[in-house]
Protein chains: 2
Amino acid sequence: MEEPKKIDTLEDVARELGVSKTTVSRAISGKGRIGKETRERIMAFIEAHDYRPNAVAKGLAQKKTYNLGLLLPVDYGDVDFSFFKDCMAGVYRTASLYHYDLIFSIVEGEELKQLRRLVQNRKMDGAIISRAMERSRVQEYLTENKMPFVVIGTSRESQVETVDNKNREAGEELTQIMLLKCGGPVALLGGDESYVVTQNRLEGYLEAHRKLGRQPEKDFIFMNVSSYSAAMEAVEKILEGGVRALICMDDVISDLALGCLREKEAAIPGTVRLASMYDSHQMECSSPSITSIRFDSVRLGSNACLRLLHMLGEQVEQETPAGYEVILRESTK
Amino acid sequence: MEEPKKIDTLEDVARELGVSKTTVSRAISGKGRIGKETRERIMAFIEAHDYRPNAVAKGLAQKKTYNLGLLLPVDYGDVDFSFFKDCMAGVYRTASLYHYDLIFSIVEGEELKQLRRLVQNRKMDGAIISRAMERSRVQEYLTENKMPFVVIGTSRESQVETVDNKNREAGEELTQIMLLKCGGPVALLGGDESYVVTQNRLEGYLEAHRKLGRQPEKDFIFMNVSSYSAAMEAVEKILEGGVRALICMDDVISDLALGCLREKEAAIPGTVRLASMYDSHQMECSSPSITSIRFDSVRLGSNACLRLLHMLGEQVEQETPAGYEVILRESTK
DNA sequence: CTGAAAGCGCTTACAG
DNA sequence: CTGAAAGCGCTTACAG
């Protein structure tokens, strides 16, 4: 024999228990005064019948959706999927913990149509976006429409809430290790200087020199390296200068450098030691494997979510800053 | 001067236009009789004021959410991220086209808690899951709770709606090419035989032999290869047998085989030609690059979405079967 | 501490 | 062709 009545709604619960919907609602939400005994009776009944409030109805009454938008750039992951994967997992777990769901949307370049639907149809309470979308009008649009959001990765605009890795500290630690391991100068290949992440890693590099009382050699710092030819030019100078150590600011640049060093038949780590300020699957799997910094992307995602929930007025636990670890591999042996 | 009144709700529209909410609703939905002129007047007003109906309210009234669940296995993408990426993009675009949003959830092993929330709180109308989750209780749970779903990849259970690649046809085409290119026998390394995908690719392999009037040599067909040692055992037999061509059923197995061949110092394609029945980034980037079949994952995702929308009673366009292409690379030169 | 009632912003029989 | 009214399943002043 099945339970004769399905308990699907608040009303069902109230009727069966002979109380009002108001009371049941209060028992569940914990808001408002309610007798301890009544409350326990209601909760036990709910538990027994596995009743769950309808999120849509709740949303309508409270003008909330309990959905968070996760906006991904269209070509995320071309380079570094594990970052997005881990980040998403972190966001997801934290959102789940607070009973929020994730709605995801892909932002393709300047196209805001999809995002607009999410915002105008009021299908989310807030959004998490990535720095990669900084150049699109997404942030502007969200701000105009009073949609709370947090950016993963530091943005150039102040005023926006961001969570980020400790790029400066990590850059400093890696540089310090390289300086200590290798007697001579340590060259640097960096990316687009207009990015905050680039600036921070550069600062870390410089700071490590300062703390060890060494003078960074300007001639071996190459910024805005974005092509194979740019990397090649730098690598040639490095080899000519007899520099024995090279740090690249991310995995893409490392990959370029690796190609250049191979073409020049420079042994790694024999002739040049190579390290990357950003880890990825390729760093681990290339031969030789590349020493690099692994950031805690899961935590980063989790923090982004906590921040957003906080902005939405939820009582959330404290954020724990996302850490990192330097992974020493063959390329710096 | 701003518009003095914000047009946020159906009621606002109705009031401003001096009609009833019913009429406005009908103009928007297109359901029910409505005068052409009235309708146009309403639509123009809506357009001008950029009004969008509140999806939550609409959902409550219609007992729909216009959300589709996208359930991902926890460790998707360890092997083959681009598949998920493309698939998701396909699902996403199609969902958007029909004004649905995607809610995503990660299923971790046997843990159904998160999924349960999505189902019980009625936050989605249907779900798209992947074959990778076949062994969890997800399908069972969805069925019990009458939640429509479609599986990407063929499931062993009938009764469920699936969309899949043309694994048999593609396997046949690749095998045929290999047979024609190489005079002798073509070995096969396959995965878990209990998977339908494995069975289909095997069928294709056999069918190619049949059509060319060749006898597949049982001694060079190795199934259930899941470890390096299993692959090594197969590779040794292949080399001893003087076989000059090898097809692996997917990119993971290809990677294993590649490692084994390297260890045995067998030249590719010099000594053995290697091809994979599944393309991935690694197939493209390994050296030598590996000939493989590239499936149209975007289309596959799109089809999954179309199928689900159809099940939900939406009028959708016809599915176009997801195609594939054989990409000839260095490994079979 | 508890409940009746209004309200969230839509849809949809039902009546005209 | 159009509208008044009930209803979707919750929450929340307000009153008791």
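Mentor: Two residues are in contact if their C-beta atoms, placed from the backbone, lie within 7 Å. Leaving aside neighbours within four places in sequence, A:I128 is in contact with A:L68, A:L70, A:L71, A:V91, A:F149, A:V150, A:I152, A:A304, A:C305 and A:L308. This is a predicted model: local features need pLDDT of at least 70, side-chain atom pairs count only at pLDDT 80 or more, and totals for chains, interfaces and linings use all residues. Residues are numbered from 1 along each chain as its sequence is written, while chains are lettered from A and ligands numbered from 1 in the order in which they are written.

Trainee: Which residues surrounding DNA strand D are the closest?

Mentor: A residue is near a strand if its C-beta atom, placed from the backbone, lies within 6 Å of it. Here 29 residues surround DNA strand D, and the closest are A:L10, A:S25, A:A61, B:R33 and B:G35.

Trainee: Which element gives the largest share of that surface?

Mentor: Helices are DSSP runs (H or I, at least four residues), numbered from the N terminus. Helix 2 of chain A gives the largest share of the surface near DNA strand D, 6 residues.

Trainee: What rotation superposes chain B on chain A?

Mentor: Copies are superposed by least squares on the C-alpha atoms of residues with pLDDT of at least 70 in both. Chain B is superposed on chain A by a rotation of 180 degrees with 0.1 Å of shift along its axis (RMSD 0.1 Å). That is the relation of a two-fold axis. The C-alpha of B:I103 is the nearest to the axis in chain B, 2.1 Å from it.

Methods: Helices (H or I, at least four residues) and strands (E, at least two) are DSSP runs, numbered from the N terminus.
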